[in-house]
Amino acid sequence: MQVHQTSFTLLTTGRGPVTLTARVAEILRDSGIHTGLCHVFCQHTSASLLITENADPSVLRDLEGHLTRTVPDGDPRYAHDQEGPDDMSAHIRSILTGSGLTVPIRQGRLALGTWQGLFLWEHRSRGHARTLVVTCFGAAASQRSD
């Protein structure tokens with residue numbers, strides 16, 4: 001088994017999704033792994049990762065709208081507001097949506113469905129530098145048994 005791990009920093013421009021699919025696919029290509037798993041981890045508590053629709057941008061707008069209604073900024077019930085009214089809501093959104101994703105690797109590619117894409121979701125109102133760790137593990141093309 002082979003393991004390849006790398007990290008990179010992504011600059012966000014504020015609340016909303018940033019596509020990761022091409023960047024993670026490039027890291028996978030560089031790994032030389034043909035069959036296995038690719039794990040992506042976000043090292044932050046106010047941003048998250050998701051796999052969702054990659055063709056129709058209205059899906060991402062609807063998801064943001066849902067979370068805005070469900071987890072509003074500045075709720076007076078939140079005690080944690082040291083960094084502003086979007087502080088605690090960003091932490092809650094991150095917990096609800098998750099900090100890690102695992103995608104199968106098949107024939108050297110991410111085995112995503114036709115309409116699926118990988119996204120980092122910034123939950124803070126202003127932009128931040130977000131560090132992601134990508135770990136690909138499995139068999140290289142020369143080791144495969146299929």
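This report describes the cores, strand pairing, charged contacts and one backbone feature of a predicted model.

Local features are given where pLDDT is at least 70, side-chain atom pairs count only at pLDDT 80 or more, and totals for chains, interfaces and linings use all residues. Residues are numbered from 1 along each chain as its sequence is written, and side-chain values use heavy atoms, with hydrogens and water left out.

**Nonpolar cores**

A nonpolar core is a set of buried Ala, Val, Leu, Ile, Met, Phe, Trp, Tyr and Cys residues joined through side-chain atoms within 4.5 Å. Buried means under 20% relative accessible area, exposed means over 50%, and partly exposed lies in between (1.4 Å probe, protein chains only). The largest core has 21 residues, of which L20, V24, C38, L49 and V134 touch the most other members. At least two residues of this core come from each of β1 (2–11), α1 (21–31), β3 (33–42), β4 (47–53), β5 (100–106), β7 (116–122) and β8 (129–140). These helices (H or I, at least four residues) and strands (E, at least two) are DSSP runs numbered from the N terminus. The largest share, four residues, belongs to β3.

L20 illustrates the packing. Leaving aside residues up to four places away in sequence, L20 is in contact with F8, L10, L49, L118, F119, L120 and L132, where contact means heavy atoms within 4.5 Å. Apart from this core lies another, of seven residues, including L60, L67, V71 and W121.

**Strand β4 and its partner**

Because five of its seven residues are buried, β4 is largely enclosed by the rest of the structure. β4 runs antiparallel to β7, and seven bridges join the two strands; strands pair if DSSP finds at least two bridges between them. One of the residues involved is I51, whose bridge partner in β7 is L118.

**Salt bridges**

A salt bridge is a side-chain nitrogen of Lys or Arg within 4 Å of a carboxyl oxygen of Asp or Glu. The structure holds eight of them, including the following.

| Salt bridge | N to O distance |
|---|---|
| D73 and R15 | 2.9 Å |
| R124 and D86 | 2.9 Å |
| E122 and R130 | 2.6 Å |

D73 counts as partly exposed because its relative accessibility is 33%. R15 is also partly exposed, with a relative accessible area of 26%.

Through shared partners, salt bridges join R15, E64, D73 and R93 into one network.

**A charge over a ring**

R23 lies over the face of F8, at 4.1 Å from the ring centre. A charge sits over a ring if NZ of Lys or CZ of Arg is within 6 Å of the ring centre and within 35 degrees of the ring normal.

**A backbone feature**

Q107, although not a glycine, has a positive phi of about 55°. Q107 is found in the loop between β5 and β6 (109–110). With a relative accessibility of 62%, Q107 counts as exposed.
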